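The entries follow in the order in which I made them.

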Amino acid sequence: MMFTIIFPVLNERLRLESGVTRTVEYLRKIAFEDYEIIIVDNGSEDETPQIAEMLCQKYEKVRYERINVRGVGAAFRRGVELSHGDVVGYMDIDLSTNIKHLGEAIHLLETQPQIEYINGSRFARESDTKGRKWYRRITSQGLLILLKLFLRMKSTDAICGFTFVRRQTALSLIAGCSQDNGWFYMIEFLLRAEKRGVKILDYPVEWQEDYNTTVKVFKTICNYLVQIARLFNEFYIKKHI
């Protein structure tokens with residue numbers, strides 16, 4: 001079973017080499033060779049492209065793609081489109097989610113064919129989250145409350161930065177999702193999987209906050225509110241008209 005690991009990046013000159021190198025070294029450590037890594041650069045203006053090209057030269061299983069649209073959603077869609085794996089996965093380049101969970105995800109998807117989707121969760125009962133600033137914790141919990149209240153989300157986390165899906169399932173979900181380019185796209189992707197009855201494993205993880213994040217929190221929250229209203233209208237208003 002081949003795995004495609006997608007790293008969406010934007011101005012990640014400080015973390016790109018470390019993130020990819022740690023991933024390759026971990027996969028070598030567990031003797032897993034049937035994989036590809038796709039770095040999808042959504043508009044970097046720093047040295048990210050040069051570092052990515054260097055990594056492609058260094059590691060034969062690493063590929064680099066640059067797109068002209070910013071946003072994790074756009075990068076994820078492009079990564080899935082380019083993928084050759086039976087399973088496609090998205091991880092944050094900072095590897096805030098403990099890298100050991102990558103090996104666990106590979107084992108689960110290889111040995112349990114009924115699982116279609118692994119959704120990493122920072123907020124499951126067994127999860128271990130460290131270094132989370134109080135205001136980030138409040139905004140995350142507030143988002144979860146809104147998603148559960150208005151969109152009936154079942155999962156315990158919506159955007160951990162650790163997602164693995166069987167490729168055919170991913171392609172089907174992408175076909176039904178909006179063309180939103182931002183972070184909310186991954187939330188919509190999960191919500192549509194739930195509504196379709198996709199077999200999702202809500203997976204507790206060890207997770208360490210990275211304070212060098214490039215996410216603009218206030219702008220992201222405003223976008224989330226607009227997108228939640230859009231999906232609520234689609235899921236529960238339009239179908240009753």
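I began with Tyr-135, which lies in helix 5 (residues 134-151); helices are DSSP runs of H or I, at least four residues long, numbered from the N terminus. The model is predicted, so local features need pLDDT of at least 70 and side-chain atom pairs count only at pLDDT 80 or more, while totals for chains, interfaces and linings use all residues. Residues are numbered from 1 along each chain as its sequence is written, and side-chain values use heavy atoms, with hydrogens and water left out.

Next I turned to Phe-32, in the loop between helix 1 (16-29) and strand 2 (strands are DSSP runs of E, at least two residues). Phe-32 is buried, with a relative accessible area of 12%. Leaving aside neighbours within four places in sequence, I found Phe-32 in contact (heavy atoms within 4.5 Å) with Met-1, Phe-3, Leu-27, Ile-106 and Glu-110. I also noted Gly-103, 71 residues from Phe-32 in sequence and 8.6 Å away in space, C-alpha to C-alpha.

Last, I examined Asp-46, in the loop between strand 2 (35-41) and helix 2 (48-58). Beyond its neighbours within four places in sequence, Asp-46 is in contact with Asn-11, Glu-12 and Arg-13.

Technical notes. Buried means under 20% relative accessible area, exposed over 50%, partly exposed in between (1.4 Å probe, protein chains only).
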